[in-house]
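Here is a friendly briefing to read with the model open beside you. Take the topics one by one, and find each residue on screen as you go.

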Amino acid sequence: MERNTPKKAVHFGAGNIGRGFVACFLHESGYEVIFAEVNDATVNKLNTHKSYKVIEVGADGTTEKIITNYRAINSRTNEAALVEEIATADVVTCSVGPNILKFIAPVIAKGLAARSTDLTPAAVIACENAIGATDTLAEFIKSPENTDPALLEDYDNRATFANSAIDRIVPAQDPDAGLDVKLEKFYEWVVEKTPFKKWAVPDIKGIKWVDNLQPFIERKLYTVNTGHATAAYYGYTRRKSTVYDALQDKDIREEVKNALKETADLITEKHGIDEEEQKQYVDKIVRRISNPHLEDAVERVGRAPLRKLSRKERFIGPAAELAEHGKDCSALLDAAEMAFRFQNVEGDEESFELAKIMKEKKPEEVVQQVCGLQPSEKLYPQVVNIVKRVQADSNEE
């Protein structure tokens, strides 16, 4: 049953991606947006200021959009109100970071449990830089700790879970920007269409609905994220201040292109994408991350090295597949080595944790714990050698 009330979306995470990307598209599609956020100051700002600007910058100039028709709820202190909103929302989205999904799952589960099955199921879409993030969120929501197993029999009448791939560069913001968000003009938001078998897909402008999301997710993760992180880690090692500065260095630019040539070899063969099409995509990505209007500190782009060195992420994921097929992955491994050297960086907890692991564990233990690689995998000994090298350098300092 369709509701005759205005369209409503609940979005978890009122950070720059949440306000500047996801909420912007929801707003432009006619949804009232309810932000679920744990930061009191952000909640108060959103409830006090009735509009904010999204500033899109590109080579052809700047455009501004005014975002209105939103509210914010502190999900930590006002759970009951949030449960009510989810129980009647058309769409539930999030941009909180993959590691936070387990923390937002309980309140979403309560909201879906309180939902009338006469309503069209809520579309749940996780907008994270991770493969299968919505599936991960759904597992947490449907776990026995969060949902009565009896409800699962007709759960597809309560929610439809669809994975997505998002692509938009949002740099660090000016300290006095307030709620306004500056980001690049280019964007891609791809969502799988197949879960919506019984119902129409949500009316959200800007989404590209596809039957098979995997090629889009891997192409984005192994091109945009691999390229961005490679530039940042080389830049940090060579004392560059921003990604833009790093890419002005011809040696670093060459390292980025070499890494993306290897991921292109994987993507074109695995997903049947035309080689010339992927080459143009890579060229466009290098131009995007070189945008002087989106200067971004290498420390910020490089943060969370443990996640970025994990098994399904931007370096080890494609390198492992290439290695299994006997293909060259040396540039990806060189970039991964730069990530292993991203230690004890002020403001980044994971870089301190990485330093601790590298100091206390044997190389083989590091590779299994950080990268999720097993001794039976062809990439394993190569990464062990990288860890040995980085540990040896640290011991000499």
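In this predicted model, helix α6 rests against helix α9 through a set of contacts: R219, K220, T223, V224, G227 and H228 on the α6 side meet E277, Q278, Y281, V282, I285, R288 and I289 on the α9 side. The two helices pack at an angle of about 35°, and their axes are 10 Å apart. Their crossing is right-handed.

**More helix pairs**

- Two packed helices are described by the angle between their axes and the distance between the axes.
- Helix α9 (residues 275-289) also packs with helix α8 (residues 250-271), at an angle of about 145° and with the axes 10 Å apart.
- In that pair, α8 passes α9 in a right-handed crossing.
- From α8, the residues R253, L260, A264, I267 and T268 meet E275, Q278, V282 and V286 of α9.
- Look for Q278 and V282 in both sets of contacts: they take part where α9 meets α6, and they take part again where α9 meets α8.
- The axes of helix α3 (residues 79-87) and α4 come within 7 Å of each other and cross at roughly 55°.
- The helices α3 and α4 are therefore oblique to each other, and their crossing is right-handed.
- Here E79, L82, V83, I86 and A87 of α3 meet V107, I108, K110, G111 and L112 of α4.

**A helix with a buried face**

- Which residues of helix α5 (residues 133-142) are buried? They are A133, T134, L137, A138 and I141.
- Seen down the axis of α5, these buried residues fall within an arc of 135°, so they line one face of the helix.
- The spacing has a simple background: an α-helix has 3.6 residues a turn, so residues three or four places apart point the same way.
- Among the elements that cover the buried residues of α5 are the helix α4 (101-113) and the strands β6 (91-94), β7 (122-126), β8 (159-161) and β9 (164-167).

- A UniProt annotation from an unreviewed entry, "domain: Mannitol dehydrogenase N-terminal", covers residues 8-198.
- Residues 212-389 are 71% helix and 0% strand, with the end C-alpha atoms 40 Å apart.

- V57 sits in strand β3 (residues 52-58), and V57 is buried, with a relative accessible area of 7%.
- Leaving aside neighbours within four places in sequence, V57 is in contact with T62, K182, L183, E184, K185, N291, H293 and L294.
- V57 and E275 are 218 residues apart along the chain, and their C-alpha atoms are separated by 29 Å.
- S29 lies in the loop between α1 (16-28) and β2 (32-37). Its relative accessible area is 8%, so S29 is buried.
- Not counting residues up to four places away in sequence, S29 touches K7, D203, I204 and K205.
- A336 belongs to helix α13 (residues 330-340) and is buried, with a relative accessible area of 2%.
- Beyond residues up to four places away in sequence, A336 touches L309 and F315.
- The C-alpha atoms of A336 and V33 are separated by 39 Å, and the two residues are 303 apart along the chain.

- Most residues other than glycine have a negative phi.
- R239 is not a glycine, yet R239 has a positive phi of about 60°.
- A304 is also a residue other than glycine with a positive phi, near 65°.
- Where are these two residues? R239 lies in the loop between α6 (214-237) and α7 (243-247), and A304 lies in the loop between α10 (298-302) and α11 (305-308).
- Is R239 buried or exposed? At 77% relative accessibility, R239 counts as exposed.
- A304, at 13% relative accessibility, counts as buried.

Conventions
Residues numbered from 1 in each chain as written. Predicted model: local features only at pLDDT ≥ 70, side-chain atom pairs only at ≥ 80, totals over all residues. Heavy atoms only, no water. Buried < 20%, exposed > 50% of the residue type's maximum accessible area, 1.4 Å probe, protein only. Helix = DSSP H or I, 4+ residues; strand = E, 2+ residues; numbered from the N terminus. Arc of directions from axis to C-beta. Contact = heavy atoms within 4.5 Å. UniProt positions renumbered as here; feature names shortened; annotations may be inferred. Axes fitted to C-alpha atoms, helices over the stretch in contact; angles between N-to-C directions. Parallel < 35°, antiparallel > 145°, perpendicular 65-115°, else oblique. Left-handed = near helix turned anticlockwise from the far one by under 90°.
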